[in-house]
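Subject: Handover of a structure and of what was found in it

Dear colleague,

Please find below the structure that I am handing over to you. My notes on what was found in it follow directly after.

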Amino acid sequence: MACLASVAVLQLLTIHYIIVTGAQNSTTGAANPDGVSSGTAISQFLASHNEARQQVGVPPLRWDAKLASFARAYANQRRGDCQLVHSPGYAYGENIFWGQGRRWAIPDAVAKWVEEKRWYRYDTNTCAGPDCTHYTQMVWRTTERLGCAKIVCSSGDTLIVCEYYPPGNYVGARPYIKPPKT
């Protein structure tokens, strides 16, 4: 029994080592099937997010290769079914996008999350429509780091996973604070 427990611990440590060292050895960590460079993909993810953050007065996000590695690993787990199912990575905030076909560019997909802004009601801190939690995670004031991956699933559809740290969307808390009107 102790031997089996030791093997299980060793396997977990090996997986952790691969993820951590893979993230540290990767300067970019962006997975993309578009034929664009990893640096370009990172710039697109950051620009799309940080434009929305600038509009509400919160600091820009920084790229995190470890988060990107986690996003890539999880997206690859979903490659066969392309389902919008959240990962068990409870230490991170997470947005997942699915789009039919390969045509989805990073800025277009992230713009779908930004479109949820129309449903967010700052005065009541609620969603007045189908969903706004992708948007609120993007602009969450205490979130500092971002890592994302884009894949093409076995079906030919697009799946994008973005991880955020620290996570947001805490019940009862506002994603950002509006400055007082002058």
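Valine 161 is found in strand β6, where a strand is a DSSP run of E of at least two residues, a helix is a run of H or I of at least four, and both are numbered from the N terminus. With a relative accessible area of 0%, valine 161 counts as buried; buried means under 20% relative accessible area, exposed means over 50%, and partly exposed lies in between, as computed with a 1.4 Å probe on protein chains only. Valine 161 and isoleucine 96 are separated by 65 residues in sequence, yet their C-alpha atoms are 4.6 Å apart in space. Neighbours within four places in sequence aside, valine 161 is in contact (heavy atoms within 4.5 Å) with several residues, among them Ala71, Tyr74, Ala75, Ile96 and Cys148.

Please note that this is a predicted model, in which local features need pLDDT of at least 70 and side-chain atom pairs count only at pLDDT 80 or more, whereas totals for chains, interfaces and linings use all residues. Residues are numbered from 1 along each chain as its sequence is written, and side-chain values use heavy atoms, with hydrogens and water left out.

As to the overall arrangement, the protein has five helices and six strands. Along the sequence they follow the pattern α-α-β-α-β-α-β-β-α-β-β. Of the 182 residues, 43% are buried. Among contacts with a separation of 6 or more, 69% are made by residues 24 or more positions apart.

Next comes a pair of helices. How far apart are the axes of α2 and α4, and at what angle do these helices pack? Helix α2 (residues 38-55) and helix α4 (residues 106-114) have their axes 9 Å apart and pack at an angle of about 25°. Such axes are lines fitted to C-alpha atoms, for helices over the stretch in contact, and the angles run from 0 to 180 degrees between N-to-C directions. The two helices are therefore roughly parallel to each other; angles under 35 degrees count as roughly parallel, over 145 as roughly antiparallel, 65 to 115 as roughly perpendicular, and the rest as oblique. On the side of α2, the contact is made by Ala41, Gln44, Phe45, Ser48, His49 and Ala52, and on the side of α4 by Ile106, Pro107, Val110, Trp113 and Val114. These residues divide into eight nonpolar, three polar and no charged. Here Ala, Val, Leu, Ile, Met, Phe, Trp, Tyr, Cys and Pro count as nonpolar, Asp, Glu, Lys and Arg as charged, and the others, Gly among them, as polar.

How many salt bridges does a search of the whole structure find? The search finds three, a salt bridge being a side-chain nitrogen of Lys or Arg within 4 Å of a carboxyl oxygen of Asp or Glu.

- Arginine 145 and aspartate 64 meet through their side chains at 2.6 Å, N to O. Arginine 145 lies in strand β5 (residues 145-152) and aspartate 64 in the loop between β1 (62-63) and α3 (65-77), so the pair ties together parts that are 81 residues apart in sequence. Arginine 145 is partly exposed at 25%, while aspartate 64 is buried at 13%.
- Aspartate 81 pairs with arginine 78, and their closest N and O atoms are 2.4 Å apart. Aspartate 81 is partly exposed at 35%, whereas arginine 78 is buried at 15%.
- Lysine 112 pairs with glutamate 115, with the closest N and O atoms 3.8 Å apart. Lysine 112 is partly exposed at 35%, and glutamate 115 is partly exposed at 39%.

Most residues other than glycine have a negative phi, and most peptide bonds are trans. Cysteine 82, which is not a glycine, has a positive phi of about 55°. Cysteine 82 lies in the loop between α3 and β2 (93-99) and is buried, with a relative accessible area of 7%. Asparagine 125 also has a positive phi, near 55°, and is found in the loop between β3 (120-121) and β4 (126-127). The peptide bond from tyrosine 165 to proline 166 is cis, with omega near -15°. Proline 166 is placed in the segment after β6 (158-165).

Finally, proline 60 sits in the loop between α2 and β1 and is exposed, with a relative accessible area of 56%. Residues up to four places away in sequence not counted, proline 60 touches Asn50, Arg53 and Glu144.

Yours sincerely,
A colleague
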